[in-house]
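Here is a short walk through one model, from its metal site to its sheet and its cores. Have the coordinates open as you read.

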Amino acid sequence: MNLTRAGEIFCDAILTLAYPHVCAVCSRSVEQRRFGVACESCWQGTRIFTDDEEICLKCGSPGPACGRCAPLAFMAARAVGMYEGALRESAVMLKRQPYVARHVENLLVAAAAREPLSESTMVVPVPLHPKRLRARGFNQASVLAQALSQRLQLPLDEVNLVRVSTPEKYRAGLDAKGRRETVAGAFAVRHPRLVVNEDVLLVDDVFTTGATVSSCAEALLAGGARNVYVMTLARALS
Ligand SMILES: [Zn+2]
Ligand SMILES: [Zn+2]
């Protein structure tokens with residue numbers, strides 16, 4: 001064990017003593033701060049995608065090629081795991097606190113290190129609506145993007161991709177196609193020269209229908225990006 005690791009464990013122990021907290025999934029205590037909002041056993045019970053997982057190679061949904069993702073503009077999308085248990089609670093907490101637990105960060109890095117996402121040359125978060133950004137104070141996708149950029153040693157651009165119109169209010173009743181149409185054209189790239197020939201790792205918290213990231217990918221590709229890969233914390237069933 002090196003000194004840094006020993007220091008980390010020591011800090012963990014001190015912080016746990018000072019701020020004991022309960023697991024957001026099962027309410028037992030969280031042994032180590034690096035696990036974030038959930039305890040180790042809830043992390044073990046959460047479906048995390050592995051290297052040999054059978055997934056749709058384009059959208060990353062579990063199982064064989066899904067066929068439904070054909071109209072989506074990105075090249076490939078991957079998530080750490082399913083939107084359930086510890087990952088779900090981590091995503092929920094990320095909307096309240098701009099903090100990524102070490103374990104979550106490690107999972108993100110491992111997922112982004114697999115092909116084809118490993119080809120990425122820069123990191124771009126899905127921008128939050130300015131009104132929501134003012135209300136929340138931070139963009140949860142940016143928090144994930146910052147962590148990935150640091151750990152993967154890739155440049156981060158949080159300002160070039162912007163929302164250009166107010167998307168219609170999210171309507172739960174809308175089907176996937178309807179939602180895609182709702183967000184289409186909602187994003188633009190301010191300075192295309194900054195994305196020309198780049199393989200962009202587009203980062204968001206949760207992948208549901210893929211409509212938002214597809215719309216971002218359209219803007220990035222229109223700006224001259226070579227490829228757009230999508231990395232999300234969790235994958236919800238659409
Ligand atoms: Zn638990
Ligand atoms: Zn698919």
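## The zinc site

Cys66 has a relative accessible area of 21%, so this residue is partly exposed; buried means under 20%, exposed over 50%, and partly exposed in between, using a 1.4 Å probe and protein chains only. Cys69, at 6% relative accessibility, counts as buried. This is a predicted model, in which local features need pLDDT of at least 70 and side-chain atom pairs count only at pLDDT 80 or more, while totals for chains, interfaces and linings use all residues. Residues are numbered from 1 along each chain as its sequence is written, chains are lettered from A and ligands numbered from 1 in the order written, and side-chain values use heavy atoms, with hydrogens and water left out.

Both cysteines hold the zinc ion (ligand 2): its protein donors are Cys56 (SG), Cys59 (SG), Cys66 (SG) and Cys69 (SG), at 2.3 to 2.4 Å. Donors here are N, O and S atoms within 2.8 Å of the metal (3.2 Å for Na, K and Ca), and sites may look incomplete because water is not among the atoms. The 4 donor atoms subtend angles of 103 to 120°, which makes the arrangement tetrahedral (for four donors, all angles must lie between 85 and 135 degrees). Along the sequence, the spacing of the donor residues reads C-x2-C-x6-C-x2-C.

## The sheet

Next, the strands. An open sheet is formed by 4 strands in the order β1-β6-β5-β2, with parallel pairing. Helices (H or I, at least four residues) and strands (E, at least two) are DSSP runs, numbered from the N terminus, and two strands pair if DSSP finds at least two bridges between them. β1 and β2 (122–125) are the edge strands, each pairing on one side only.

β2 and β5 pair over 4 bridges, and Met122 has Val200 in β5 as its bridge partner. α4 packs on the sheet, touching β1, β5 and β6, and its direction makes about 145° with that of β6. Contact means heavy atoms within 4.5 Å; axes are lines fitted to C-alpha atoms, for helices over the stretch in contact, and angles run from 0 to 180 degrees between N-to-C directions.

## The cores

The largest nonpolar core has 35 residues, and among those touching the most other members are Trp43, Val80 and Met231. Such a core is a set of buried Ala, Val, Leu, Ile, Met, Phe, Trp, Tyr and Cys residues joined through side-chain atoms within 4.5 Å. α4 gives the largest share, 6 residues.

Val80 touches residues including Ile48, Phe49, Leu108 and Leu233, leaving aside residues up to four places away in sequence.

Note on methods:
Four donors count as tetrahedral if all angles lie between 85 and 135 degrees; four count as square planar and six as octahedral if opposite donors are over 155 degrees apart and all others between 65 and 115; anything else is irregular.
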